Amino acid sequence: MTAPDRLRRNMISPPAITLTGLVASHGRHPAVHHLSGCFEPGSMTAVVGPNGAGKTTLLRTLAGLHRLDEGRIQAPGLTPARIALLPQAATMDRSFPIGCRDVVLQGLWARLGAFRSAGRAELTEAETALAAVGLGGFATRPVGSLSAGQFQRLLFARLLLQDAEVILLDEPFNAVDARTASDLLGVLRRWHGEGRTLIAVLHDLDLVRREFPEALLLARDPIAWGPTEATLSAENRMRARMMAEAWDEQAVTCEAA
Amino acid sequence: MSLHDLLIAPFAEFGFLRRALVGCLALAVAAPPLGVFLTLRRMSLTAEVLSHAVLPGIAAAYWVAGLSAAAMWAGGMAAGLVVALGAGALARATGGREDSTLTALYLLALAAGVAMISVSGGTGDLSTLLFGSVLGVDDDALLLMAGAATLTLLGLAFAWRPLALECFDPSFAQATGARGGAWHLLFLALVVLNVLAAFQALGTLMAVGLMMLPAIAARHWSRQLSGMVYASVAIAVAASLLGLLLSYHADLPTGPAIVLTAGGLWALSVLAGPVDGALPRLFRRRHLAG
């Protein structure tokens, strides 16, 4: 049974992800400061904000890779296997001697684990995912020979196989040419149509306005969260730009609830 | 001197050489795959460090039980694991870098080990310990070497996928719950085990030679992880065989002889290996059409 079959049988219905007073910090300095709100099931939200605004930290916290200092994330029944994170590609060892198909197959970890072998069905799924991102014929190519954009597409293929209900994307269109970006955007639209919850960190505001119904404007403190047009108003963007990027070395302990 | 005299007669004639050969072949099958993973994790020097770190454990065992192989193994294993795991734990607890905590701990262990050995007196024992001796490979040692190889191959078979995933993309491994950290600990334990398996034949100074040199050379023979592992084992087997013959004919200690042979094969790989070798780079063939 391939992923699309499963989808046709029952629509995917991820739980709502409710944040209450979320604080995540580096050292004691908050990167995400008192964030409350809700990612509705099947919503498609862009996270925007200046550099150092805590966007990546927010995604990593949602994926369970960063400890939260305060507050709560409530998402009933959402196990780690049902969340997928597309990190910024820079954190991977691209000189590692591994072929493209094997990278894509990593997406089946929840199903195969450390020991079960990948059968013909799994290999076919991997080939289909590679073809879906325009990397047909790359199955045995070593990852070291891919360009940055091709590598990004490879990570998308791995995401396809993860078949997760909540998908977190950290600057998914970085280093990607226009045609690839529109291909990958097509994948995002399909996921949205299937009822998955999408949360993407993006810098291209035109793209966000065009494609994302909702947006969260973050400047360490949340500035606005809601329908994209209202969130990205000139006034809100101005407030986001006022964020001091440097830490305040004399900062006192935060007393806000 | 006929080919028979050169290649076969020494093994046919001397039982201790046959035992050394079997022991080295066991090592050659198990240690290089670990070495390949070490190079991929940018931990090429870790095996060398651990080979020194086992010294106080061995010395302590010598104090307690004399020249008993089993006791030395237990002592060395304990000391090696304390240094390897201690360095990781210290680095995580205090936020330092693992290589610096590892360096601090192993220097401490090495100094303590040398002090303990010199207090106990026997300099002859010390040089055997440092440079190895084929005569040291008795039946007990042989069984331990073969046992270590078996354990290593079994362990690697289970740890293969999580280890590869942890090397390639640690945060993905963490997010999917692959427990890369736990597998890494098992992996380090196997490295210590193999270093100990090597020290009777090769000596503590050279113990990692058969693990690392073939692994480093393997990069020039394949672009795939599995291909690199096969190549490393083939190189290690050849180095064991030729090294023992060199040691016999040139009357050299076995440790340096085997490691020098492995070094020669590494140099050959760097020069003529099909992947990123020096010669294929020098004589470039015309580019393909597409």
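In the predicted model, a salt bridge (a side-chain nitrogen of Lys or Arg within 4 Å of a carboxyl oxygen of Asp or Glu) joins Asp169(B) to Arg158(A), with the closest N and O atoms 2.8 Å apart. Between chain B and chain A, the count of salt bridges is two. Residues are numbered from 1 along each chain as its sequence is written, and chains are lettered from A in the order in which they are written. Because the model is predicted, local features need pLDDT of at least 70 and side-chain atom pairs count only at pLDDT 80 or more, whereas totals for chains, interfaces and linings use all residues; side-chain values use heavy atoms, with hydrogens and water left out.

The interface brings 22 residues of chain B into contact, that is, with heavy atoms within 4.5 Å, with 27 residues of chain A. The size of an interface is often given as the accessible area lost when the parts come together. Here the buried area (the accessible area, for a 1.4 Å probe, that two parts lose on being put together, summed over both) is about 2,100 Å², of which 63% lies on carbon and sulfur atoms. Of the area that chain B buries against chain A, 36% is supplied by Arg161(B), Phe168(B) and Phe172(B), more than by any other three residues.

A search of the whole structure finds zero disulfides, a disulfide being a pair of cysteine sulfur atoms within 2.5 Å. The sulfur of Cys167(B) lies 18 Å from the closest cysteine sulfur, that of Cys100(A), and is therefore too far away for a bond.
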